[in-house]
Every structure is written in structure tokens, then in C-alpha cells.
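Here is a short briefing on one protein model. Keep the sequence and the structure in view as you read.

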Amino acid sequence: MGFDYFTTLFPILTGVLGIFFLIVGLKGLLTKRPFLISNGWLRVMMFVFFAPMGLSSLMILDGDPISWLSPVLCAALLIMMWFQLQGYVVFAVTDASFREALVAALQRLELPHEESLSAIRLTSVEADLQVAIQSWMGTGTVKIKQRAHHSVLKEIVDAMNEYFRTSTVSTNMVTCIFWVVMGAALPIVGFSMFSL
């Protein structure tokens with residue numbers, strides 16, 4: 001069953017993952033603008049890729065405790081990714097453009113806020129907006145600590161995307177380029193496994 005996974009299902013999954021990487025990477029390169037997408041898409045892609053690997057490993061379990069290692073690791077990875085990939089991820093952004101868009105969104109939505117080192121307190125709704133930026137990679141994340149305020153987060157993200165669409169901002173395309181390269185390479189890897 002493990003052999004079937006790597007000769008039939010693995011090439012299909014790498015193709016699907018490659019298409020996803022290409023779409024996201026090309027969006028940044030072609031529009032030349034930052035944008036945000038839900039981390040839910042990344043969670044779905046991780047599940048699509050790793051869940052079948054864990055399931056195929058379950059099919060070949062024997063009495064050896066080591067044989068449980070692969071399905072347990074796949075399950076642990078999926079659980080970790082589920083909790084880690086919350087909120088939204090922003091691509092093609094710089095420190096300056098990220099801050100400009102966030103401040104513009106909060107002002108447009110009339111959300112008074114207080115900034116601290118780890119979060120932005122939205123005082124009118126008593127919620128904490130958590131932001132992080134990896135400027136050298138051109139990516140960042142935006143999430144809200146209180147899950148009950150997810151609709152507020154969605155409004156902020158929509159306003160940020162609108163700002164990016166209508167304003168001239170600085171960009172960093174490192175991650176978009178990397179994703180396009182990965183998107184092109186993954187189907188090749190999958191096809192090479194298929195042809196073995």
C-alpha cells in the first residue's frame with residue numbers, strides 16, 4: 001500500500017500542491033502588489049498532502065513499534081499546523097507597506113487601537129490583533145486572539161486588501177518567487193516518482 005501511495009497518489013498530490021504554489025506566487029508577481037489570503041487554504045493543502053501519507057502508513061502496520069512512527073508523526077504535524085496556521089498570511093509585503101495597510105484599515109473601519117510589542121489592542125471591541133512580519137521574506141501574518149471576533153478580523157483583512165489594490169506601496173517578492181519555483185518543481189518531482 002505504501003508503494004501504491006508513492007506511485008499513484010503522491011504524484012497527484014504534488015501536482016495539486018504545485019498548482020496551489022504557482023497560483024499564489026504568480027498572483028504576487030503578476031499584480032506586483034501585496035495581498036492577504038486565509039491560512040485556511042494552507043491548512044487544507046497540508047491536510048491534502050500529509051493525511052494520505054499517514055493513512056497509507058496505517059495500512060502497513062505490523063508488530064514493530066517503529067512502524068507506528070510515520071502515522072504518529074503525520075498526525076502530530078497536521079495537529080500542529082492546524083493550530084499554527086490561524087488567521088491570514090500576507091505576501092509580497094515590506095515592513096512599511098504592511099504597517100501602512102494595517103493602519104489605513106483600522107482607520108477606515110473606525111477601530112481605535114493601542115499598540116504593544118506583541119499585539120494591537122482593538123479597544124472598542126476588546127480584542128487583540130496579533131501581527132508578525134518576516135520582512136526579508138516579504139510575508140507576514142494577521143490573526144485575532146479572541147475567536148469570537150473573527151468577523152472583525154475579516155473586515156480588517158478585506159480593508160487591507162483593498163488598500164493594497166488601490167495604493168502604490170513597496171513590495172518584496174522573495175516568497176512569491178520561491179513559491180513559483182516550488183510550484184514548478186513539485187509536479188516534476190511527482191512525475192519522476194510516477195515513472196519509477
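In what order do the elements of the protein run from the N terminus on? The order is α-β-α-α-β-α-β-β-β-β-α-α. That gives six helices and six strands. Helices (H or I, at least four residues) and strands (E, at least two) are DSSP runs, numbered from the N terminus. This is a predicted model: local features need pLDDT of at least 70, side-chain atom pairs count only at pLDDT 80 or more, and totals for chains, interfaces and linings use all residues. Residues are numbered from 1 along each chain as its sequence is written, and side-chain values use heavy atoms, with hydrogens and water left out.

**Overall picture**

- The protein has 196 residues, and 43% of them are buried. Buried means under 20% relative accessible area, exposed over 50%, and partly exposed in between (1.4 Å probe, protein chains only).
- Take the contacts with a separation of 6 or more: 72% of them join residues 24 or more positions apart. Contact means heavy atoms within 4.5 Å.

**Strand 2 and its partners**

- Strand 2 (residues 88–91) pairs antiparallel with strand 1 (residues 35–38) through four bridges. Two strands pair if DSSP finds at least two bridges between them.
- F35 has F91 as its bridge partner in strand 2.
- Strand 2 also runs antiparallel to strand 6 (residues 139–144), again with four bridges. There, V90 is partnered by G140.
- Y88 and V90 point one way from strand 2, V89 and F91 point the other way, and all are buried.

- The largest nonpolar core has 26 residues, and F20 and F91 touch the most other members. A nonpolar core is a set of buried Ala, Val, Leu, Ile, Met, Phe, Trp, Tyr and Cys residues joined through side-chain atoms within 4.5 Å.
- Helix 2 gives the most to this core, with seven residues.
- Leaving aside neighbours within four places in sequence, F20 is in contact with I37, W41, L42, M45 and W179.
- A second, separate core has 24 residues, including Y88, V90, L102 and L111.

**Two loop residues with positive phi**

- K32 lies in the loop between helix 1 and strand 1. Its phi is near 55°, a positive value in a residue other than glycine. K32 counts as exposed because its relative accessibility is 60%.
- E110 sits in the loop between helix 4 (95–108) and strand 3 (113–115). Phi of E110 is near 55°. E110 has 69% relative accessibility, so E110 counts as exposed.
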